[in-house]
Amino acid sequence: MVCPTNNDDWIKNKDIVGKILDELGECMNLTVLGLADTKISFSMPASLGKLSMLQTISIYSTFISGEIPPEMGNCSWLMNLFLYENDLTGSIPKELGKLQKLERMLLWQNSLVGSIYPRKLATLEA
């Protein structure tokens, strides 16, 4: 995995081919992870929870499967979480309710169950 350099604080579709590895958690200055409309097949690694500077995760219309890792609740700067139109399953982790800066979260067209209760529900857009 090659992490972005000084002036690049984001990873986009062209930067990753194949499976996303746990090594993604080593990109500590990453602020945007954009992998929309790709043909990448993977499960979301728990190591994403190490990316405390991450502000946007945009992984929609891909082939991600499995569960949303509860460690995602550690991404304290996360404002946008776009995971719609995937094959995600399981419960929505209650840890996502810790994301105080979260403004938008789109999870439709997955097989997720449950609810989350963000601390600042009024700041979320429908």
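Strand E3, which covers residues 41-43, is joined to E5 by 3 bridges, and the two run parallel; strands here are DSSP runs of E of at least two residues, helices are runs of H or I of at least four residues, and both are numbered from the N terminus. Two strands are said to pair if DSSP finds at least two bridges between them. Within E5, Ile64 is the bridge partner of Phe42. This is a predicted model, in which local features need pLDDT of at least 70 and side-chain atom pairs count only at pLDDT 80 or more, while totals for chains, interfaces and linings use all residues. Residues are numbered from 1 along each chain as its sequence is written, and side-chain values use heavy atoms, with hydrogens and water left out.

E5 is also joined to strand E7 (residues 87-91), here by 2 bridges and again with the strands running parallel, and Gly66 stands opposite Leu88 in E7. These pairings belong to an open sheet of 4 strands in the order E3-E5-E7-E9, with parallel pairing. E3 and strand E9 (111-113) each have a single partner strand and stand at the edges, so one side of each is left without a neighbour in the sheet. On average, neighbouring strands of this sheet are turned by 25 degrees against each other, direction ignored, where the axes are lines fitted to C-alpha atoms and angles run from 0 to 180 degrees between N-to-C directions.

Thr62 is found in the loop between strand E4 (56-58) and strand E5 (63-66). With a relative accessible area of 6%, Thr62 is buried, a word that means under 20% relative accessible area, with exposed meaning over 50% and partly exposed in between, for a 1.4 Å probe and protein chains only. Leaving aside neighbours within four places in sequence, Thr62 is in contact with Leu35, Ala36, Asp37, Thr38, Ile40, Glu85 and Asn86, contact meaning heavy atoms within 4.5 Å. A polar atom of the Thr62 side chain lies 3.4 Å from the backbone nitrogen of Ile64.

Turning to the chain as a whole, there are 0 helices and 9 strands. Of the 126 residues in the chain, 42% are buried. Among contacts between residues at least 6 apart in sequence, 41% join residues at least 24 apart.

Notes
Polar contact = N/O pair within 3.5 Å; in protein donor to acceptor, adjacent residues only side chain to side chain.
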